[in-house]
Amino acid sequence: SAKQIGNRQTTRSIMSEYGIHAKKGFGQNFLTDPAILGRIVSAAEVSRDDNVIEIGPGIGALTERLAQAAGQVLAVEIDQDLIPVLAKTLAAYDNVKVINQDILKVNLPQLIEQQFSDPTRPLKVVANLPYYITSPILMNLLATKVQWASITVMMQKEVAQRLTAHPGTKQYGALTLAIEYQMEANIAFNVSRHAFVPSPNVDSAIVVLKQRAEQLPEQPFNKGKLFGLIRGCFAHRRKSLWNNLQSTVGKDAATKEQMKEVLEQVDIDPQIRPEKLTLNQFIRLANVLHDSNL
Ligand code: SAM
């Protein structure tokens, strides 16, 4: 309707009415394309049954669409200058709560328990993320004990490609594997920089993360060790797995001899590049290293 926030004209008039200037330091790029806003809510499959958390509501363009589709919406905004604006732009929706906090500092399980009238409903994250902290936000969301029904987020296209990369490509790396360990990631669609005010310098994409349909074929004995190994193996992407393992695990004669046996046992060629290994191969490798006290 004409009342909607997410279009160019309304956004500009709200910004001038409240004297809002997009803050680069907070990654503020406001969505002004009504079609894109609709497609985000559709990609997230938001329904009246859902509790939704939005990170960074801005002036409320996506929040408003979420309020129209969800049961309840909790929006977490760091910029205190936007709080009075949101109180006004979202005044018509009694199922929206805005809180002035840093998403990287909130206690998510506690917040969910306190803010949603029925915290047992399916919980979805939907957000046009501040791009400067995309990875820390995703890592935080996945590190909590919260069971997300889905996470639907806009990010820089290059980061979206890393999240959804396949082994053997240059986008494939520690971030891909950290996500794949818990979720299935898909790019829903790409978004042009012209859909925002102000336009960012990069193009964007919407990524949908869902809980894995199937369990991993093998579980790591020690998750911290697995990701230590993965980070170590991607430290020098252009070097062989063997060279990376020597810097990560050790290069004395006895360790090298043991590592050779481990690689034979898991049937991995020491000369391949680490970026060729699947998550399951990393897990097997980590587990056999662990068994060999390496
Ligand atoms: N959702 C709005 C939209 O789509 O038009 C704004 C999106 S803008 C790309 C990112 C928003 O995240 C801004 O409103 C910004 O102030 C907010 N933000 C930045 N860092 C944040 C943080 N650490 N915690 C919560 N919100 C943050």
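Colleague: What average pLDDT does the protein have?

Modeller: The model is predicted, and confidence is given by residue and for the complex. The predictor gives the complex an ipTM of 0.99 and a pTM of 0.95. Of the residues, 99% score at least 70, and the protein averages a pLDDT of 96.

Colleague: How many helices and strands does the secondary structure of the protein have?

Modeller: The C-alpha trace spans about 70 × 40 × 30 Å along its principal axes. The secondary structure within the protein comes to twelve helices and nine strands.

Colleague: What percentage of the residues of the protein count as buried?

Modeller: Among contacts with a separation of 6 or more, 67% join residues 24 or more positions apart. Burial is counted over the 294 residues of the protein, and the share that counts as buried is 35%.

Colleague: Which residues of α3 make the contact with α2?

Modeller: The crossing of these two helices, α2 and α3, is right-handed. The residues of their contact divide into seven nonpolar, one polar and one charged. On the α2 side the contact is made by Leu37, Gly38, Ile40 and Val41, and on the α3 side by Ala61, Leu62, Arg65, Leu66 and Ala69.

Colleague: Is α9 parallel, perpendicular or oblique to α10?

Modeller: The axes of helix α9 (residues 223-233) and helix α10 (residues 241-248) come within 8 Å and cross at roughly 125 degrees. The perpendicular range runs from 65 to 115 degrees, and roughly antiparallel angles are over 145. The crossing at roughly 125 degrees makes α9, relative to α10, oblique.

Colleague: How many charged residues has the contact of α9 with α10?

Modeller: In a right-handed crossing, α9 passes α10. Leu229, Gly232 and Cys233 of α9 meet Leu241, Asn244, Ser247 and Thr248 of α10 in this contact. By class, three of these residues are nonpolar and four are polar, and the number of charged residues is none.

Colleague: Which residues of α12 make the contact with α11?

Modeller: Helix α11 (residues 253-266) and helix α12 (residues 279-291) have axes 10 Å apart and pack at an angle of about 135 degrees, and they are therefore oblique to each other. The crossing in which α11 passes α12 is right-handed. Val262, Gln265 and Val266 stand on the α11 side of the contact, and its α12 residues are Arg284, Leu285, Val288 and Leu289.

Colleague: How far apart in space are Asn128 and Glu180?

Modeller: In sequence, Asn128 and Glu180 are 52 residues apart. From C-alpha to C-alpha, their separation in space is 21 Å.

Colleague: Is Glu45 buried, partly exposed or exposed?

Modeller: Glu45 lies in the loop between α2 and β2 (51-55). Although Glu45 is not a glycine, its phi is positive, at about 50 degrees. Because Glu45 has 15 C-beta neighbours inside 10 Å, its class is partly exposed.

Colleague: Is Asp267 buried or exposed?

Modeller: Asp267 is placed in the loop between α11 and α12, and it has a positive phi of about 60 degrees although it is not a glycine. Most residues other than glycine have a negative phi. A count of 12 or fewer C-beta atoms within 10 Å defines exposure, and with 8 others in that range Asp267 is exposed.

Colleague: Is the peptide bond from Val197 to Pro198 cis or trans?

Modeller: Pro198 is found in the loop between β8 (196-197) and β9 (204-211). Most peptide bonds are trans. The bond from Val197 to Pro198 has omega near -10 degrees and is cis.

Conventions
Residues numbered from 1 in each chain as written. Predicted model: local features only at pLDDT ≥ 70, side-chain atom pairs only at ≥ 80, totals over all residues. Axes fitted to C-alpha atoms, helices over the stretch in contact; angles between N-to-C directions. Helix = DSSP H or I, 4+ residues; strand = E, 2+ residues; numbered from the N terminus. Parallel < 35°, antiparallel > 145°, perpendicular 65-115°, else oblique. Left-handed = near helix turned anticlockwise from the far one by under 90°. Contact = placed C-beta atoms within 7 Å. Nonpolar A, V, L, I, M, F, W, Y, C, P; charged D, E, K, R; others polar. pLDDT = per-residue confidence, 0-100. Buried ≥ 20, exposed ≤ 12 C-beta atoms within 10 Å, placed from the backbone.
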